[in-house]
Amino acid sequence: MSNGGTAGISTRVYKSGSIVFMEGDKSDYIYILKSGRVILTTKKVEEKIWVEVKENVKPGEFFGVKSALGKYPRDETAQTFGETVVLVLSLADFERLILKNVNVVKKMLKVFSNQLRRIHKEVREILGVSDSVNPEFELYKIAEFYFKAGRSKQALFAYRKYLEYYPDAKYSGNAQQRIKALQSGGDADDFQDDFEPAPPPSSAASSRENYDDLTDFTIDDGGSSRHDEFSDLMEEEPAKPAARSPLSSEMDDFLSTEKSEPMDDFTFDEPDLGGGASASQDISEIFYEGMRLFSQEQFGEALEMYKRVLDFKTLKNDGERKTFEKAHFEAGRCYLKLGNYNEAMAAFSGLIKKFPQSDLVKNALFYIGMVFEATRNVEKALTYYKKVASMEPKDQLNREAMNKVTKLQR
Amino acid sequence: MMQLDSPIFDKFRVEFDPNELIFCEFEFGNEFYIIQSGRVKIVKVINNTEKTLDVLEEGDVFGEMAILEEEPRSASAIAMDHVKLLRFHRDNFDALLQGNPQMAYKLLVIFSKRIYDAKRRMMILLLEEPQLKIMDVMNMLAEQDPHLDVQGPISLKVTIQEVANWAGMQINDVQKILTHFNQLGKIELFNDKIIVKNIRDFQRLVNSRRKSNFS
């Protein structure tokens, strides 16, 4: 295997007892044992307990492959016994070498896939969930999910798969009926699918609830017509030289289509005068309940929590003020998820206006970009993403904003 | 780079229209796919909502767990554009590798990552104290971003639900602990991210516990 393509490969000679690499090291070298002996020490889980395992590398075998390829710290220590010679390969050397030896790759893949299978099994055992799911019922539930979401194409596919695997099972009759209904019921086109932040099924209810707050448009759960409604709204609006106006007035423009700003009346510097409607409950408890609901994707319910936080009239200390501030932002994210773009815009820009010093301002600007992106106003989305990308201090959000800019400009 | 357009592969070619399901969560899979053109999203229905796990593009591989054995798919794959794919049955795996060693290399990388991730997760699961589990989820997430400056506060993109999944814990328990950390000023909680004030504290705590378990 050392003919051609091995120009960059170097040879290293180790004394007995040397460490070639240590667990935790970061390096992308891969080794081949040429002569001598190498022992790998690693930790493995057996019966839910870590045990130390030692493994012999045979001459001609690779070691240090996984951590180098996966770009992770070494998960084993390699030590020599007796004088030992190893070949040291860079990732490029390794790639070149194995491309000529497909059988070696196959062998490695077998070993890797067995390891992976064993680890997955152990994880399932630790979690105590081994084989508790019933794939038959789960597949049916997926089909039902798409059926109820009005996504007939996907529903049909899943029902047909269900019947293919389980022709005589519990839900086969139901599946057949659903297929018939889908085939006869005309095609409910899947507009929903190419609309980026697709509102979850629950959004229909909550957008109705807010119907009165919206002047020009609302989100209809019928779906198909709303693209046009949005683009109309967006095109009408910046007829003036809005593209050049400062960000704040642009937000005003966006908001001017609304009758009222939802989050207007509050004071937070007043002494404690008994508080608002929900004074009995701690503001942070309500806030975290909102976070829990959001992480479970119950956006409408989460929003209710944030609204309660925003109803607080008196805030006792800095912690509460901070929570209050964050609730503006999180409410905006709920609105965005629910597809209520005007409210989302109001929440994010409200945050920026009321708390211009907040460290959430940058996030809010990013999300305003997302609102514009969701409403297909690419130009404005780009303005906001670019703004975020240039803001200090540089962090992950700058990179994300840059990614968005690249994506939208494509 | 890859000779996937070679006529040898013609019989493996399949095409999908936008929004078409390529495979469905919980369906049994014997095939894996390589994207030749178009985009494919990997989604999972969680709590009655479809969640996008990943968006894949030309040259990406998906469904690769089917190389091992027939197992229910852990997620669905949906075509986003008009998508051209190569579809390989487990039995054609050898033929694919012979004709396309580059693909073999790619699979090695994918498997290496999966093994590490699974092992790393197991390290979390095997910690006894729930607080440490959660700290170690943060540690793991921090390790995944090599650009993070761990000297100062770091921002991790994760939801409470995801933390609960990683730690194998109930969401309510996770929330209690995170709220407590938040009150202590160790972290700051948001819907889609957690800011950890001093991740090195967490690393130190978890490592010292792990060491004491070993000795």
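Begin by selecting helix α14 (residues 361-374) of chain A together with helix α16 (residues 396-409) of chain A: their axes come within 11 Å and cross at roughly 20°. Here axes are lines fitted to C-alpha atoms, for helices over the stretch in contact, and angles run from 0 to 180 degrees between N-to-C directions. The model is predicted: local features need pLDDT of at least 70, side-chain atom pairs count only at pLDDT 80 or more, and totals for chains, interfaces and linings use all residues. Residues are numbered from 1 along each chain as its sequence is written, chains are lettered from A in the order in which they are written, and side-chain values use heavy atoms, with hydrogens and water left out.

α14(A) and α16(A) are therefore roughly parallel to each other (angles under 35 degrees count as such). Their crossing is left-handed, meaning that the near helix is turned anticlockwise from the far one by less than a right angle. Helices are DSSP runs of H or I with at least four residues, and strands are runs of E with at least two, numbered from the N terminus.

Next, display the side chains between these two helices. K362(A), N363(A), F366(A), M370(A) and E373(A) of α14(A) meet L397(A), N398(A), E400(A), A401(A), K404(A), K407(A) and L408(A) of α16(A); contact means heavy atoms within 4.5 Å. The residues of this contact divide into five nonpolar, two polar and five charged. Ala, Val, Leu, Ile, Met, Phe, Trp, Tyr, Cys and Pro count as nonpolar, Asp, Glu, Lys and Arg as charged, and the others, Gly among them, as polar.

Now select helix α5 (residues 152-165) of chain A and helix α6 (residues 172-184) of chain A, whose axes come within 9 Å and cross at roughly 145°. This crossing is left-handed. Residues of α5(A) that take part include L156(A) and Y159(A), and those of α6(A) include I179(A) and L182(A). The contact comprises eight nonpolar, four polar and two charged residues.

Turn to chain B, which has six helices and 13 strands. Of its 215 residues, 56% count as buried, that is, under 20% relative accessible area, with exposed over 50% and partly exposed in between (1.4 Å probe, protein chains only).

Finally, select H180(B), found in helix α5 (residues 171-183) of chain B. H180(B) is partly exposed, with a relative accessible area of 41%.

Definitions and conventions:
Parallel < 35°, antiparallel > 145°, perpendicular 65-115°, else oblique.
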